[in-house]
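Here are my notes on the model, point by point. Please read them with the structure open.

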Number of protein chains: 2
Amino acid sequence: MDAAAVHEYFARLQGRIVAALGALDGKSFREDSWSRPEGGGGTTRILEEGNLFERAGVNLSRVQGSALPPSASASRPQLAGQPYDAMGMSLVLHPRNPYCPTVHMNVRFFCAGATWWFGGGMDLTPYYGFEEDVRHFHATCKQALAPAGKEAGAEYYPKFKRWCDEYFDLRHRGEPRGVGGIFFDDFAERDFAFSFALARSVGDHFLAAYLPILERRKGFAFGEKERGFQAYRRGRYVEFNLVYDRGTLFGLQSGGRTESILMSLPPRAEWRYDWKPEAGSAEEKLYTDFLKPKDWV
Amino acid sequence: MDAAAVHEYFARLQGRIVAALGALDGKSFREDSWSRPEGGGGTTRILEEGNLFERAGVNLSRVQGSALPPSASASRPQLAGQPYDAMGMSLVLHPRNPYCPTVHMNVRFFCAGATWWFGGGMDLTPYYGFEEDVRHFHATCKQALAPAGKEAGAEYYPKFKRWCDEYFDLRHRGEPRGVGGIFFDDFAERDFAFSFALARSVGDHFLAAYLPILERRKGFAFGEKERGFQAYRRGRYVEFNLVYDRGTLFGLQSGGRTESILMSLPPRAEWRYDWKPEAGSAEEKLYTDFLKPKDWV
């Protein structure tokens, strides 16, 4: 187990992704580094009001402590009071064009004593659905899970896809957040090298999963109607992140850096009472054809 | 104890408030009635895109059940499994003009067997602060707590004012939601008649607490800058309601009517990374002079 190697990979991944997104947008990312008095810190990279991205945040963070609080180890009481090291790289991209989907990706690592695990995943939240985009995203997710050969993807993809559908579920709406992707946690299979390779593969596949979709849709013409629907749907993103997302809530409750945690929220969101899309509209199609968990590959 | 009388008062109060606000706005409220299969129901009155109000929701709701779930009676285990009746009238008004504050008011009643209590309160969330408005609002709150004579207001106001400051606290921001007001729960003092009179007095004082402020500010000229600041600050309202508000979270988790519960959210909200108001600006004054709990009467 080599936490330093994991952190180095996360930091390089952040650099690589930020460089690619900045080049594509034409506006560069702002950088803020911060440290935690108790140990650890992070680097927040953010681009607002860009040409392509209305808000794009790519976070690297690390939380180290000398004694794991009991609340963080409820399911593994043997870890309570042990020194720990938790780190992650996470991003949320909110493009301006409503035909370009919002996307989220995260890889994370936790260790305390001899115990360690990886977590991560990526998921897509379109405003207007395109089957080929969703198929491409899921196919790339599946590829990402095959670092040790084809059989690994076949094993993990269905499980991590289902986990993603279950996690990104707005139960009070009876709606998924988007069209899913993959999600995993507590991953420590075979050995450290194998598990780390799988997490790396997820991080390494992100640009291949998302950029072709962005390239395909970024030139689509849109108007006030599409922007309004995007703002309305972004309200759902806010609801999910503030009501359900464990990372967000844990971060806010544990005194994390609020501005870095809430970077995932959209730049603007709208709420309309009991609004329904027009029958037969492209907006209705999102609900009928895309916001239902289904097999995409 | 007379639950029917409480419900009748809440229903009349909703009607009275909706009539006054609709007359002032010039656009009338929409009405949706709904019922719960398990018992109870409600009437949602909402006005969107009005002349004065961008979104104004006034909710009446009642939840009846044959057996109180253990999660709802953790602090009073003797009530678990008993038939219960919970009802409330709550409102949130989001005026369009950023010089007009957002306001929230709620009165509620719970009974199970021989146990009953009232709760309620009102609080103000300005975007641009005016001392006379805040003083007027708090002075009216204090008056509202004196239905049994001056000494009652003197007794309850400091306690309920502090409770409000403690409740509407965005801990992750180190900021209160607004300039406070009053908040109380579990109120069952002297006898039913006394406690009901206090809750009624809070409901009856709402229009007197808020309308003079609205009248005073509704003609103020504003532009994109003020609307932008309002949208940014409304993001804090969203954060509070989705992360901390017990009524909202309990409603969403217990299968309440989502559209009625989330009527409290602003029509639009914005997030900007690590944004700070300009030194010496009216926006900065909100933070320095108003968003600090202090004595206003």
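Predicted model: local features only at pLDDT ≥ 70, side-chain atom pairs only at ≥ 80, totals over all residues.

1. In chain A, strand β4 (residues 84-95) and strand β5 (residues 102-112) run antiparallel, and 10 bridges join them. One pairing to look up: A:M89 has A:V107 in β5(A) as its bridge partner.

2. Next, the sheet around that pair. Chain A has an open sheet of 7 strands, in the order β1-β2-β3-β4-β5-β6-β9, with antiparallel pairing. Its edge strands are β1 (30-35) and β9 (180-187) of chain A, each of which pairs on one side only. From one strand to the next, the twist averages 5°.

3. Then the helix on the sheet. Helix α4 (residues 192-217) of chain A lies across β3 (53-65), β4, β5, β6 (115-125) and β9 of chain A. Relative to β6(A), helix α4 runs at about 15°.

4. What follows helix α4? The loop between α4 and α5 (224-243) of chain A holds A:A221. Is A:A221 buried or exposed? A:A221 has a relative accessible area of 70%; the cut-off for exposed is over 50%, so A:A221 counts as exposed. The C-alpha atoms of A:A221 and A:P98 are separated by 9.3 Å, with the two residues 123 residues apart along the chain.

Terms used. Residues numbered from 1 in each chain as written. Chains lettered and ligands numbered in written order. Heavy atoms only, no water. Pairing = 2+ DSSP bridges. Helix = DSSP H or I, 4+ residues; strand = E, 2+ residues; numbered from the N terminus. Axes fitted to C-alpha atoms, helices over the stretch in contact; angles between N-to-C directions. Contact = heavy atoms within 4.5 Å. Buried < 20%, exposed > 50% of the residue type's maximum accessible area, 1.4 Å probe, protein only.
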